[in-house]
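Please walk through this structure one region at a time. The paragraphs below take the helices, the metal site and the sheets in turn.

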Amino acid sequence: MLEYLRALIRLDTSNPPGNERVATDFLAARLGAEGIASVVLEKEPARANLVARLKGGGGAPLMLSSHTDVVPVEAARWSRTPFGAEVAEGCVWGRGSIDMKAKGAMDLGLVLALSRAGVALNRELVLAAVADEEAGSELGARFLVERHPELVRAGWVLNEAGGFTLHLGGRRYYPIQVAEKGYVTVKMTVRGSPGHGSIPRSDSAIAVLAELVVRIDRTPMRARLTPLMRRTLEQLGIDPQSAPPLFRAMMANTVAPTILRAGYKDNVIPGEASVVLDGRTLPGETAESLLGELRGIVGPEPMFEVLKCAPPAEGSADTPLFRLIAHHVESADPGARAVPWMLPGATDSKFYAQLGATCYGFAPVRIGPRMPYGALYHGNDERIPVDGFLWGLRLYTEVVMNFLGLRFEQVFN
Ligand SMILES: [Zn+2]
């Protein structure tokens, strides 16, 4: 499976442009060689999604999902070739090693191993390798859920964003993603008096917008602790009143200005200025409730245009699968604790959840206390420790096998 990971890293699926078909070709060939058929669907040329399945009993199907695209690289700022998949200093280096070709490799390997073993599964096992997650999933999970729901409808989904070691206050935790925020990307435009640059005026669109952007930045949005986050903070021993920024983002809707636009000539005061706001909604909130809150901050004047949006999602941490994950995590790293987690960002899980699936972020990897794990996501020098990958692989295998009604020894001898 380490070799599958290295092979996947070498296939450049930077999005844009994506070109995920190179990855699905690789997966389809490996599956096809062992008699497993794949369905490959593209909403746009070369933006391929692959779904394969192993038959099973009547339990609610389990889907193992990963996205095959990666974010682009600034190659000059890497210390090793970003698509070289070198093994050095105890790590496999390369874009996608963490986010998220490691899980893709594990998923492929598990499906092949189960097929070879010829064992009976208590439920159907679905493998999904999808495109375009890094650019909003329009050509990937969202496309499949909206246009081909029968292919990706499952009772349970294991996806990214969880199962890594979180070192906090001298203790080890393993966040398991149970919830994720929604997003509402809004373009906010203000109008002002245009004029000649030689005669400044205080009611120009730029001045009005600048004041509003500062106001948005300085006005905290209403804090609300969901029951899940209360449990997470309690388990981590974090006081909500003094939570660090990452956790504060899990306790409120948020809005961050990301793109400013105004002006077209250096001696013309423009009549219009706009800002793109990256809004994120808590579970239980809607695009409308976030826009209402934003309206309360900026007043009635500015125009809002929603550029894109997707709802939040929240599952339950009180399920047999969550308990199974927690049990195996805590056995694999004695003294550590599995904690339910809300992702402030977005994954494909929010789309699968629309079809009724309970989704967990569980792509396990053990990370040492000195590894800058968070910075590796979309960062330079992305890499995964080989021993941490193998540790995660064993853990992941135990969880998946058990949930399919099997013991490890029935598949691997
Ligand atoms: Zn990802």
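A residue is called buried when its relative accessible area is under 20%, exposed when over 50%, and partly exposed in between, using a 1.4 Å probe and protein chains only. The model is predicted: local features need pLDDT of at least 70, side-chain atom pairs count only at pLDDT 80 or more, and totals for chains, interfaces and linings use all residues. Residues are numbered from 1 along each chain as its sequence is written, and side-chain values use heavy atoms, with hydrogens and water left out.

In helix α10 (residues 320–332), the buried residues are L321, F322, L324, I325, A326, H328 and V329. These pack against β7, β9 (171–180), β17 (337–343), β18 and α13, where a contact means heavy atoms within 4.5 Å.

Next comes the metal site. Donors are N, O and S atoms within 2.8 Å of the metal (3.2 Å for Na, K and Ca); water is not among the atoms, so sites may look incomplete. The zinc ion has the protein donors H67 (NE2), D99 (OD) and E160 (OE), at 1.9 to 2.1 Å. Along the chain these donors follow the spacing H-x31-D-x60-E. H67 in strand β3 (residues 59–67) and E160 in the loop between β7 (156–159) and β8 (166–168) are 93 residues apart, so the pair links distant parts of the chain. Both H67 and E160 are buried.

Strand β3 also has partners. Two strands pair if DSSP finds at least two bridges between them. β3 runs parallel to β6 (residues 123–130), joined by seven bridges, with S66 opposite A129. β3 is also parallel to β7, through three bridges, and here M63 stands opposite V157.

A separate topic is the open sheet of three strands, ordered β4-β5-β19 with antiparallel pairing. Its edge strands, β4 (87–88) and β19 (383–385), each pair on one side only. Two bridges hold the antiparallel pair of β4 and β5 (residues 91–93), and V87 stands opposite V92 in β5. Helix α1 (residues 2–10) packs on this sheet, touching β4, β5 and β19, and its direction makes about 20° with that of β5. Helix α13 (residues 386–403) touches β4, β5 and β19 as well, at about 70° to the direction of β19. Such axes are lines fitted to C-alpha atoms, for helices over the stretch in contact, with angles from 0 to 180 degrees between N-to-C directions.

Note on methods. Helices (H or I, at least four residues) and strands (E, at least two) are DSSP runs, numbered from the N terminus.
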